[in-house]
Amino acid sequence: MAGSLTGSSDCGNRWRDLDRLLTRPGNIVGPIFDPSPELRSELQQYVRVLVVGAGGLGCELLKDLALSGFVNLEVIDMDRIEVSNLNRQFLFRLQDVGKPKAEVAAKRVMERVKGVNIVPHFCRIEDKDLDFYNKFNIIALGLDSVEARSYINAVACSFLEYDSDDNPRDESKKPMVDGGTEGFKGHARVIMPGETPCFECTIWLFPPQVKFPLCTLAETPRTAAHCIEYAHLIKWDEVHGGKAFDADDPEHMQWVYSEAAKRAELFGIPGVTYSFTQGVVKNIIPAIASTNAIISAACTLEALKIASGCSKTMSNYLTYNGLEGLHTKVTEFVRDKDCLVCGPGTLLELDPSTTLQKFIELVGDHPKLQLSKASVTHRGKNLYMQAPPVLEEMTRSNLNLPLYELMDKVPKDVVHVSGTVNKDDKKTSVLRKLRVVFKGIDGVTDMDTANHLF
Amino acid sequence: MNRRLRRLCRSGNGGGLYLKYLRPGALAQIRDSKISARSHSTRAPPPKILLYRPPSSPSNNGPNNGAPQIAQISVVDLEGFPCFASRGFAPRCPQRKKLVAAKSFFFVNSNPGSPGSDSGEPDLGVDVIMGILSPCVVSKQQRSKQSFAIENLVEALTLSSEAQPLASMAEPKTKYDRQLRVVEKSCSWGVGSITVIDGSIVEIKDLGNNFMLDESCVGQSMAKCVCAFLQELNDAVKAKFVEESPEALIETNPSFFSQFTLVVATQLVEASLLRLDRICRQANIMLICARSYGLTGLVRISLKEHTVIESKPDHFLDDLRLNNPWLELKRFSESIDLNTTDPVVHKHIPYVVILVKMAEEWAQSHNGRLPSSREEKRAFKELIKSKMIALDEDNYKEAVEASFKISAPQGISSSMHQIINDHSVEVDSTSSDFWVMVAALKEFIANEGNGEAPLEGSIPDMTSSTECYVNLQKIYQAKAEADFLAVERRVRNILKRIGRESNLISKASIKNFCRNARKITVCRYRPIEEEFNSPSLLEMQKYLNDEDCSIAIGFYILLRAVDRFAANYNRFPGIYDGELDEDIPRLKATAQAILNDLGCNGSTLMEDLTNDMCRYGGAELHAVAAFIGGVASQEAIKLITKQFVPMTGTFIFNGIDQKSQLLIL
């Protein structure tokens, strides 16, 4: 397929502008940029890009990547199209409402950009295994949730390997470009695991969400939002006992709105409107199409530079603010050397007799990890899987075997553990990389790892 | 292509494994390995990619060459589209035919009664017309930026649902739920129509960077195809098109532009841009120009003056007047006993009351002064803390955090000072509503306001009993209402004085003005020609010497230089591979000449940047175009809605390290 693309003179003509950048030498370019007329066909043949999210940003990313010479694209999104998506998720039409976003987005871009191949995945990001993610050269993130970013970041960083001097191996770096928008503001960043800070290194950039204390909602409401959250979180359950609230059901929303309006009237609080109710209940982050266009364009340009080296890459975090005038800034954040996610991995020194069962318990008790319900993989081999049941059953017998034997008696190696942690009273899925060292095995010198000893 | 190698690359391990990871420039390595693999292969090498030199390149340099091409296209066009006639009048400037610039625009028509607007349409305030122009034959791929400006505008500007009755508008309301939180009160500015102006025919190379076109468009009218896609995007907006070159319109029919609210001009070279700027200024039409060129581009706004009432800044100190409480607020605070023994009441006294009372107490023991030094401020915080009777009293914690507010300077800010002392405040019968209200505001501040602006009237959420909070709200609202009435009286008097209908400005408008009085903003823009001929030398030197700005100011000069180059050589630099080496010194000399003209004699531009500019060869990358188009759309939204603050100066996109800059020259 890919070969025929480059053979057609029509297509060559089509990419004339892009080829100017790819075929000509320059002095302000990436370190190993090697301009050549074949660079684009190589880009098209070898480079696979995954777009995570098919919402406002994701749609733009798919379109931008397809029109920037990338041919092998895949997109993953678990959502279906809603009416409220139509105004800025420009690939969707009214007749698409209810269909999976990933599938419609892929179809629309393929219809318009001939030669591009987009594989949609209508599922949760956690549903895919590491091998799935490992087949991509670049992962582009168009997400609006901190948790999802965190997860993909951990996946990409899990491929990072370190040499014996704890220097990251170049060939194991899985680059990511990440975009985010809110109203007139947005950010675009390049994450080169092991080189630039990963999402977790700079997690402080995302402050925790404001939550209202329940007693305020129940006893001393003062704002319209308090009244709405009362109707949504307290009153709904009281009245509808057991029936789940569905934010996409207009009748449910209407009910919450009218209850909130009643309560507001009772307390003399102004400002409860239907659209405000929707905004509060759905925790809607304001979005406008043009900001998505700006941010995804910046991400795509960086992806093109990562893949081809045709210009310097941004280092490493761009913020855009169009609220008051126009402000852009590139900040060079630095890595957290002790990052649990992109660092060399948490070191665990184990006795060779430690069983897998014991190992899973240790991971749960470890002060830095506190990871419960752990599934364990080593070099792509599932040692123990909590789910699905069929895999659990297949791997259960491993629990009583020593980890050392399960790891083919290597004195030290990296093990991936996935499970859940409690963060802010919320369970989140995490993936952690552990460096396991077996004590007293040849080739391993004593390490000063008092903190990690078990 | 070597099949064995390809198989290897596809398989998940072995030789293919390293291909899964990609460092910058890794492709080059991949190719090297491939080349070495190929050298052992007996298969023929893959066909080489053609260089993009027109087949008849030698004759292409002749000035007459473009005309037949145009004629040919026109014939094709004639067959497909009856409205060819208008293109027939487009100027046939042969020297332009080789430019790689295609120009495009869109326009927003503000006149509801204009022929373009549908009389059956209820009061949609604005009609948008947009146009793409491209008189140049050599390449039309530049369209993408502009199309994206358009696409984003259609998506973002058509919010007309807020004012509609809920039941009948359920669907549009849902459709825009996210936007409604950004731009409230959008009822008055839904875009009625957009008109695309472009005189060109879609070619295959246009498909490489314009999502609005697909293969079926090739050979058809660019304007018509883009328009059809726009209409599909949003059927609530009327999408229109004019198949004519914008340059032709600028030359022959300048009054054409006066029907619009906003013109977005894309990929216009300097001479046409300056002419269009003059036309738009004269007719008071807002102009946004956007340019995408290789890894750079620019966005600039041009109009005489843009005034904003609802500037909606991100961080703005609330208007609680704790530094200068008025009588009713003091009285209300006095009615509340901080020493109450009821712990529930104690922990629900709003911090506003706590601070008013504590400031009073402090002033009494400090000769009527409020805390000002760092020491005093710290002592004041300690005083507040000493009044806590339990550790969980959030209201006291809030009071400590907000204690700085009692020391804030009284009176109006310097930016407000500047606005009320602007020459426009001397109003006459031609003054805008905005300046009439500013004149009233100035009088208010000098009289009823005692040096302060009208009170905003809203208070932030704070720990409090509902009753106490609502009462406090009422006190703030009452003061805001009284201030508003005073301003309103003055507005009516001023209107009478300047010989206009005294109720010309609605109550609601004045109220809105008062609520935002501290945040009003005035943006003014120099004519582009003036900036080009006499930029601020001081700023120019500053940018040239600032490392963070050096690439951006370099691109600013080089973007002008490529236009001057094009005017001299009938093409942009670096279009042909064969002339790349000669073009670099030519462009360098042109850029240097511009710097000299501006009086920056000692400055030289980075050699590498000039080389890079030649490397681009006028290419328009989709990603760059999408970025520029997005910026232009954001600014268009701000201009049309008169909400938020548009940029001033010239935004220079820097696609090399993304250190874009706003240059104010």
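Two strands count as paired if DSSP finds at least two bridges between them. In this predicted model, pairing of that kind builds an open sheet of 8 strands in chain A, with the order 3-2-1-4-5-6-7-8 and mixed pairing. At its edges lie strand 3 (117–121) and strand 8 (327–331) of chain A, each of which pairs on one side only. From one strand to the next, the twist averages 15°.

Within the sheet, strand 1 (residues 48–52) and strand 2 (residues 72–76) of chain A run parallel and are joined by 5 bridges. Here Leu50(A) stands opposite Glu74(A), a residue of strand 2 of chain A.

Helices of chain A also meet these strands. Helix 6 (residues 101–112) of chain A packs on the sheet, where it touches strand 2 and strand 3 of chain A. The direction of helix 6 makes about 170° with that of strand 3 of chain A. Helix 8 (residues 146–158) of chain A lies across strand 1, strand 4 (138–142), strand 5 (176–182) and strand 6 (185–191) of chain A. Relative to strand 4 of chain A, helix 8 runs at about 175°.

How far can chain A be trusted? Its mean pLDDT is 87, and 93% of its residues reach 70 or more. Over residues 1–10 of chain A, however, the pLDDT is below 50, and this stretch has 17 contacts in the model beyond near neighbours in sequence. The pLDDT is also below 50 over residues 444–454 of chain A, a stretch with 14 such contacts.

In one of them, helix 15 (residues 374–386) and helix 16 (residues 394–401) of chain B have axes that come within 9 Å and cross at roughly 170°. Angles over 145 degrees count as roughly antiparallel, so helix 15 and helix 16 of chain B are roughly antiparallel to each other. Lys381(B), Ile384(B) and Lys385(B) of helix 15 meet Tyr396(B), Ala399(B) and Val400(B) of helix 16. By class, the residues of this contact are 4 nonpolar, no polar and 2 charged.

In the other pair, helix 23 (residues 550–569) and helix 24 (residues 580–597) of chain B pack at an angle of about 115°, their axes 9 Å apart. These two helices of chain B are therefore roughly perpendicular to each other, and helix 23 passes helix 24 in a right-handed crossing. Residues on the helix 23 side of the contact include Ile557(B), Leu558(B) and Phe565(B), and those on the helix 24 side include Leu587(B), Thr590(B) and Ile594(B). The contact has 8 nonpolar, 1 polar and 3 charged residues.

Methods:
Residues are numbered from 1 along each chain as its sequence is written. Chains are lettered from A and ligands numbered from 1 in the order in which they are written. This is a predicted model: local features need pLDDT of at least 70, side-chain atom pairs count only at pLDDT 80 or more; totals for chains, interfaces and linings use all residues. pLDDT is the predictor's confidence in each residue, from 0 to 100. Two residues are in contact if their C-beta atoms, placed from the backbone, lie within 7 Å. Axes are lines fitted to C-alpha atoms, for helices over the stretch in contact, and angles run from 0 to 180 degrees between N-to-C directions. Helices (H or I, at least four residues) and strands (E, at least two) are DSSP runs, numbered from the N terminus. Angles under 35 degrees count as roughly parallel, over 145 as roughly antiparallel, 65 to 115 as roughly perpendicular and the rest as oblique. Ala, Val, Leu, Ile, Met, Phe, Trp, Tyr, Cys and Pro count as nonpolar, Asp, Glu, Lys and Arg as charged, and the others, Gly among them, as polar. A crossing is left-handed if the near helix is turned anticlockwise from the far one by less than a right angle, and right-handed if clockwise.
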